[in-house]
Amino acid sequence: MTSESYKPPGDHAGNAVAMAVLNAIQNPVVMVDERGLMVFANWEAEAFFGASASHLARYNISTFIPFGSPLIGLIDQVRERRAPVSEYRVDLSSPRLGQDKLVDIYVAPVVSEPGCVVVVFQERSMADKIDRQLTHRAAARSVTGLASMLAHEIKNPLSGIRGAAQLLEQSAEDDDRALTRLICDETDRIVSLVDRMEVFSDERPVDRTPVNIHSVLDRVKAVAKAGFGRNIKITENYDPSLPAVYANRDQLVQVFLNLIKNAAEAVAERPDGEIILTTAYRPGIRLSVAGSREKISLPLEFCVIDNGPGVPADLLPHLFDPFITTKTNGTGLGLALVAKIIGDHGGIVECDSQNHKTTFRVLMPASKGTTPEDSLPANTTGSLR
């Protein structure tokens, strides 16, 4: 019995609807019969196991998972107890499935098919990234309160300190003037830092309109090529059919200018340094937004990829936290601001980093009423693939 020959009981119209629903699910779903054969696999399962449903149906499920995996024990347990079970954070990493295959598993019996069980896999990678994003938002909110406090409690005393230093400078000797000038310069630097943090205390609703992301990226690329990225190769891989993103154009320019500047600094020492900008439509990600009961879809994916040395593994989970930076003179507020802006738009920003490949991925909502076919013209100068 294979997935092609397997016909669930019931009317044909109902079966067709059931198949359509299962294939629409963004998680891998398989049905394992009493012999251990995967007699049904939805499209996500085919992608997960890297094989067609007809191929999967010819082999025992143990062929496709690591030796000694707890999944086999879970299947046996469900058959014996005839009750569903769940197991969290199961490592299925193997040469066949690839690395970092950490999944949550749900196994349930199929009442109408004795000995058969359904297995649903939830990859932890996206769940963990969304958890991290919610942490980033909490961190940004903490900076919001800190920024408001700093504006009131620090800037005023600093003005007094600077004024006193200027008065002292008028009567100071030449050797002492250097010290008063140092006091003035340092107070100015602190005020500048506080001014940057005040951006986080802006809680006004974002003024959003349909925006062509390709025009935003073209603008940022032009700024980069005229300055910090003049000697760096910037490649474009755009989806020309992409719908408009529902966003504030100026804030998107600020976000991608920050991300591309970071990428340019990462590859500055490489003679073959390259930055790749990509856009794509990725349906399936939905997220709850603070202050709203509605779940929004985040189908638009924008990536900034560089071939720099990568982000240290111990820093990666905290990359969007305030004051976290690898730069000698950095303040650690750039990526925190990126996380705040994208979060205010109801989106997600996350980072994947390996040696010689770092990807900053932004997921955002499309403009209401648009689909990939309702796209704005892509104003690009690079290749569209």
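Cys116 is buried, at 4% relative accessible area, where buried means under 20%, exposed means over 50% and partly exposed is anything in between (1.4 Å probe, protein chains only). Cys351 sits at 4% relative accessibility and counts as buried too. The disulfide count comes to 0, going by a rule that asks for a pair of cysteine sulfur atoms within 2.5 Å.

A word on the model: it is predicted, with local features needing pLDDT of at least 70 and side-chain atom pairs counting only at pLDDT 80 or more, while totals for chains, interfaces and linings use all residues. Residues are numbered from 1 along each chain as its sequence is written, and side-chain values use heavy atoms, leaving out hydrogens and water.

On the overall fold, the protein has 10 helices and 14 strands, taken as DSSP runs numbered from the N terminus (H or I, at least four residues, for helices; E, at least two, for strands). Of its 385 residues, 44% count as buried. Among contacts (heavy atoms within 4.5 Å) with a separation of 6 or more, 66% join residues 24 or more positions apart.

Helix H8 covers residues 213–226, and its 14 residues at 1.5 Å each should span 20 Å, which agrees with end C-alpha atoms 20 Å apart; the expected span is 1.5 Å times one less than the number of residues. Its buried set includes Ile213, His214, Leu217 and Asp218, along with Lys221 and Ala224. The buried residues of H8 have quite a list of partners: H9 plus strands E6 (209–211), E7 (233–237), E8 (245–247), E9 (274–281) and E12 (300–306).

H9 (residues 249–266) in turn packs on H10 (residues 334–344) at about 145 degrees, with the axes 10 Å apart. Axes here are lines fitted to C-alpha atoms, for helices over the stretch in contact, and angles run from 0 to 180 degrees between N-to-C directions. H9 brings Gln251, Gln254, Val255, Asn258, Leu259 and Asn262 to this contact, and H10 supplies Gly334, Leu335, Leu337, Val338, Ile341 and Ile342. By class that makes 7 nonpolar, 5 polar and no charged residues, with Ala, Val, Leu, Ile, Met, Phe, Trp, Tyr, Cys and Pro counted as nonpolar, Asp, Glu, Lys and Arg as charged, and the others, Gly among them, as polar.

H10 itself is mostly covered, with 10 of its 11 residues buried. Lys340 is one of the buried residues, as are Ala336 and Ala339. Just past the end of H10, Gly346 adopts a positive phi of about 80 degrees.
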